[in-house]
Every structure is written in structure tokens, then in C-alpha cells.
Amino acid sequence: MAFLEADSRVGGREVSLCKVEGRPEIRCEVGWLELQPPARSVNYEMISSEGITRSAALVTADIRDLGARSRLSVTVQLSSLADDMEAGYRQGFAAGLDNLAGVAERTMVLERVIRAPRSAVWAAWMNPETLPQWWGPDGYSCRTKRIDLRKGGEWVFDMIAPDGTVFPNHHLYHEVRSEEAIGYVLLWGENGPKHADAWVSLADQGGATKVTLGMVFSTAAEFQEAKGFGAIELGLQTLGKLERFVQTA
């Protein structure tokens, strides 16, 4: 899969190419019509190959919380312009949902409502002078080597624990939407192996800001190791430091 566009907002779209050796590329265009996190999404989907539209569909996904598990129901209203598209959709969604279940098992999501305007939270996060001042759990500090908080930029730094242990980090930023979202890749040290894909979203809540910090670890083993290390608690401490910083700035 190769993504040419990716804008997961209402009114945004995603365009991808599915490449199979020895077969024509399949182009998929998805447009987001409704997003109600974390319960529902609605999108249109257009499939084409060799410049010919093969199908158009309306896809509705409903997610129901079952405690430790979730039930995901996907409804596809398909207008097929090729004889084999229904079978292809069933096969494609079955494989996709299997992949989704695997990714979900190594995904960590942290949330905190910060009592400060979204503009203030964004300014604290995306300022190279202030980000190192609050980033990290309680008692940790940051030692920056390079920092450029733009799309295509990076942050190379050491996180230093209270006992002096040094944890090298390298963040690569691939998405920056002002006061809305940040997307980046976490590496184990400068140009080291990939640790996780991460994102941040900021949502206004009547003058406060809901901050969501998500991470998809490279492997399920790394997720379990991070969870056992206390990554959830340490991440929530980091968001707590952010709140204290913006309230006293």
C-alpha cells in the first residue's frame, strides 16, 4: 500500500494505491463524511484501476464498547461496476479487519482534559523553547541536540531519568496541522530503529482542551514491554506536566 494523500477529517480524503506484483495498480479514494470518535465513521469509497472506475461504496463503521473488548460492525452499501467486486470487498474487509485487530493490540491511547485554551496548549507543544521544559514524566528532563517542530522536521534529544539514566530519542514529524494534530515517528535514538508511530490531537471543550496522545508500537512485544514499564502512568504524568506548564506560563 502506498498513500498519496491522508486527511482524516470530515471533508478530508485519503488516496492510496494497492500494488500487487503482476497486476494493475488499484486506486482507492476515501472521503470522510461523518466522524464521531470513538463510536462511528461514515465514508465514501471509490475503487478504480487502469483509469476505469470499478465500484463506488458508502461504508459505515460502528464501534460498541464491550468493556475489555469492542464490537466493530462495518456496513458496505456497494454499487459495483465490475462483476467480481462484491467478493473482492468481502475478502478485502476481512483481511483489513484482521490487520486492524493486530494493530489495536499494540496501540496505546492517553487522554487528558487540560484546563487551558487550545491555542495555549498548542503554543506550549510546538515551541522549541517550551516543549523540552515540560516533556517527560515527573522528575525527568530533556537535553536537546536538534529541534525543528515543522512538518518534515525532527527533534533529537535525550530524556534523563531522576537517577541519571539517559534514554536517547528521535522524533520525525510528518504531520502538523495548526492547533489540531501532530503526527510523528519515534526512533530509538538518533536514526535508530523505529519504536512507534505517534499522534497528538487537540479538541476544544468549551475553553478547555482535550488532548489525545496515541502510539502504535512496532511490535506487540514492545507494547507489552512499555506497558509493563509503566508507559501509561508515565505518559499521563507527562500530560499533567503540560497542564501545569500552560497554567503557570
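Phe93 is partly exposed, at 25% relative accessibility (buried means under 20% relative accessible area, exposed over 50%, partly exposed in between, with a 1.4 Å probe and protein chains only). Tyr89, by contrast, is buried, with a relative accessible area of 8%. The two residues, Tyr89 and Phe93, lie 4 residues apart in helix 1 (residues 85-104), about one turn of the helix. Helices are DSSP runs of H or I with at least four residues, strands are runs of E with at least two, and both are numbered from the N terminus.

The model is predicted; local features need pLDDT of at least 70, side-chain atom pairs count only at pLDDT 80 or more, and totals for chains, interfaces and linings use all residues. Residues are numbered from 1 along each chain as its sequence is written, and side-chain values use heavy atoms, without hydrogens and water.

A search of the whole structure finds 8 aromatic pairs. Rings of Phe, Tyr and Trp (its six-membered ring) pair if their centres lie within 6.5 Å; planes under 30 degrees apart count as stacked, over 60 as edge-to-face and the rest as tilted. The Tyr89 and Phe93 pair is stacked, because the ring centres are 6.0 Å apart and the planes are at 20 degrees. Phe217 and Phe223 form an edge-to-face pair, because their ring centres are 5.9 Å apart and their planes are at 70 degrees. Phe217 is buried, at a relative accessible area of 2%. Phe223 also counts as buried, at 9% relative accessibility. One aromatic cluster is formed by Trp125, Trp134, Trp135, Trp155 and Phe157.
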